[in-house]
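Trainee: Can we go through this one together? I'd like to start with how helices cross.
Mentor: Fine, here it is.

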Amino acid sequence: MYAGISYSQHIKLQTSIDTNNILIGDQINYSIKLFPDNNEKTILPLINDSLGKFLVVSKSKIDTLIENKKKVLSQKIILTSFDSGLYIIPELEFGFISGTDTTFFKSNAFSVKISSVPVDTSKPIKDIKPIMDLPFAFMDYLWYIIIGLTIIALVFFGYYLLKKWKPKVKEELPYDPKIPAHVKALKDLNELERQKLWQKGYIKEYYSRLSDIIRLYLERRFAFLAMESTTNEILSYFTQFISSSEITKQLKILLEQSDLVKFAKLIPSPEENSNMLDYARNIVQSTVPIENDDNKDAK
Amino acid sequence: MADIREINEKIQQASSFIELLQMEIGKSIVGQKNMIERLLIALLANGHILLEGVPGLAKTLAIKTLASTINAKFSRIQFTPDLLPADLIGTMIYNQKKEEFTLRIGPVFANFVLADEINRAPAKVQSALLEAMQERQITIGEHTLKLEEPFLVLATENPLEQEGTYPLPEAQVDRFMMKVIVNYPTRDEEKLILQQNTSKTSKVINKVVEPSEIINAREIAKEIYLDEKIEKYILDIIFATRNPEDYGLGKIKSLINYGSSPRGSIFLAQASKSMAFIKRRGFVVPEDVRSLCGDVLRHRIGLTYEAEAENITSDDIINEILNKIEVP
């Protein structure tokens, strides 16, 4: 330790270096300590990136300490040099302001010998060393692994949420499943009668609606795709469930008559129009499912 | 109703040859009602037909018999890998005496052309025939010759022995109005076939129809009433092959590579009218459309690899669609 102390009535300034002999590029710790009185302010010299022939590698912030009940301002500066020779760390000037008086103190200058690395010229020049491989350290990669796993987990979680929360297309039924098929069919037939479509000249619409009501009823009542079936297909299915030839005949007449009106511009007589509605009602009423006694009791 | 009654009367008068045809064909063909009905529909709708079935199901015989019942020119061309377009459409031959090129027309100049095993000839021969099918005319050198009406190409192919064949490209197969799958006869039908072919008697097929009658029937078939509800039904079916998700058929979207072309809707409407004619009706009903959907659309729907991997056929797709689209 090489130190310099400046005094007035007591120690005001103390500077020191840890060595005065370094190899080129080595570092010197330059320590500054100021001991102002309690009401004194200080003026510090401006230290930029060099100090004389020395380069400032880093400098700490000015630290304020209390030593033996006295305020101490402390700063550490790391210096280096890349020129060999004997160089001086110049003296620095510090001011202490007390009231209207300012007193300046200079620190000591330090001489530092910077030696270059001794080279044995008798030996051949060696090639530069190859890049060194550092041993594998799990900790070096830990963050990358964590980030990678987090991204994968987020992607899977996002995919899961997308699958889970994908809006499900709710197939809308053209009817309320709680209302029994025959109840709805009879209600719709009453509504059709009330609308007086054929009386107003809407014959095609009347027969389209009439055949749709019956087909929807058959679809719900006998569980086959009546809305997607042709007249012959419906009759073929119907005869599998219903043995009554009279009802089958009425259904055949109704559907065929509807086809003729819908696809062949047939204009039936008013009597036929009202007969078809009666046939439709009869088909529904004759095929209403019979509730068994157990079910009745349960109700 | 008056106009439909008028059409009905016309049909009654003009359709008498249908029964005669069916009777004559029935002399040599047992069963295969569906195939014969489709042949008649193609004849009436001015469309061409592709029959697919394993060998020995009377595909060629049915076509030959149909041609024999009509007083028209019939040609049979056996497609082979070494066949050339000139063998089909004809060529210009140098006449040394006259010192000029003279035209020699090929077998395609007939009313009924049977293209037997069409997939055995290379693409350039297929395309020469398909050009004739589409344009109904042939150009040889500087001569453009119209083909005589009725002109009907009836092609056959068998689904076996695919080695060394040239499958028809989608664009060309699209020109056939129908692709009919010919199935095996029933046990009773086969018994009758056995008896017919082992007996001494041979039945003579008579020419019972004139080409003019067919042309007249075609004109009447065009007049058959197709209600807008049926038009909508046809369009719904065709569009469901293109955008199945719009019709609640999202599950088959991944199975369809491409849907039917507009030819599909045109041919489906025309074939439905012809079906109505055969049934002696002046109007089309949904039954007509539904019964022909498979034959008109099966070669117009492209399947994805996914569908092929799951052994799903275009017929399965069509059935799904028909079970979803509401009948008017």
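Mentor: A term to start with: a crossing is left-handed if the near helix is turned anticlockwise from the far one by less than a right angle, and right-handed if clockwise. Keep in mind that this is a predicted model.

Trainee: OK. Which hand is the crossing of α3(A) and α5(A)?
Mentor: Left-handed. Helix α3 of chain A covers residues 203-222, and helix α5 of chain A covers residues 245-264. Their axes come within 9 Å and cross at roughly 140°.

Trainee: And what does that make α3(A) and α5(A) to each other?
Mentor: Oblique. Over 145 degrees would count as roughly antiparallel, and the angle here is roughly 140°, so the pair is classed as oblique.

Trainee: Which residues in α3(A) and α5(A) meet?
Mentor: From α3(A), A:I203, A:K204, A:Y207, A:S208, A:L210, A:S211, A:I214, A:R215 and A:L218. Facing them in α5(A) are A:L251, A:L254, A:L255, A:Q257, A:S258, A:V261 and A:K262. By class, that contact has nine nonpolar, four polar and three charged residues.

Trainee: What about α2(A) and α6(A), at what angle do they pack?
Mentor: About 170°, with the axes 10 Å apart. Helix α2 of chain A is residues 181-195 and helix α6 of chain A is residues 270-286. The two are therefore roughly antiparallel, and α2(A) passes α6(A) in a left-handed crossing.

Trainee: Who is in the contact of α2(A) with α6(A)?
Mentor: On the α2(A) side, A:H182, A:A185, A:L186, A:L189, A:N190, A:L192 and A:E193. They meet A:L277, A:A280, A:R281, A:V284 and A:Q285 in α6(A). The residues divide into seven nonpolar, three polar and two charged.

Trainee: Switching to chain B. Is B:R38 buried or exposed?
Mentor: Buried, with a relative accessible area of 4%. The cut-off for buried is under 20%. B:R38 sits in helix α3 of chain B, residues 33-45.

Trainee: What is B:R38 in contact with, leaving aside its neighbours within four places in sequence?
Mentor: B:I49, B:M178, B:V180, B:M275, B:S291, B:L292 and B:D295.

Trainee: Last topic, strand β2 of chain B. Which residues are on the covered face?
Mentor: B:S75 and B:I77. The uncovered face of this strand, residues 74-78, has B:F74, B:R76 and B:Q78. In a regular strand the side chains alternate between the two faces of the sheet.

Trainee: How many bridges join β2(B) to β5 of chain B?
Mentor: Five, and the two strands run parallel. Strand β5 is residues 112-116. Within it, B:F112 is the bridge partner of B:F74.

Key: Residues are numbered from 1 along each chain as its sequence is written. Chains are lettered from A and ligands numbered from 1 in the order in which they are written. This is a predicted model: local features need pLDDT of at least 70, side-chain atom pairs count only at pLDDT 80 or more; totals for chains, interfaces and linings use all residues. Side-chain values use heavy atoms; hydrogens and water are left out. Buried means under 20% relative accessible area, exposed over 50%, partly exposed in between (1.4 Å probe, protein chains only). Helices (H or I, at least four residues) and strands (E, at least two) are DSSP runs, numbered from the N terminus. Two strands pair if DSSP finds at least two bridges between them. Axes are lines fitted to C-alpha atoms, for helices over the stretch in contact, and angles run from 0 to 180 degrees between N-to-C directions. Angles under 35 degrees count as roughly parallel, over 145 as roughly antiparallel, 65 to 115 as roughly perpendicular and the rest as oblique. Contact means heavy atoms within 4.5 Å. Ala, Val, Leu, Ile, Met, Phe, Trp, Tyr, Cys and Pro count as nonpolar, Asp, Glu, Lys and Arg as charged, and the others, Gly among them, as polar.
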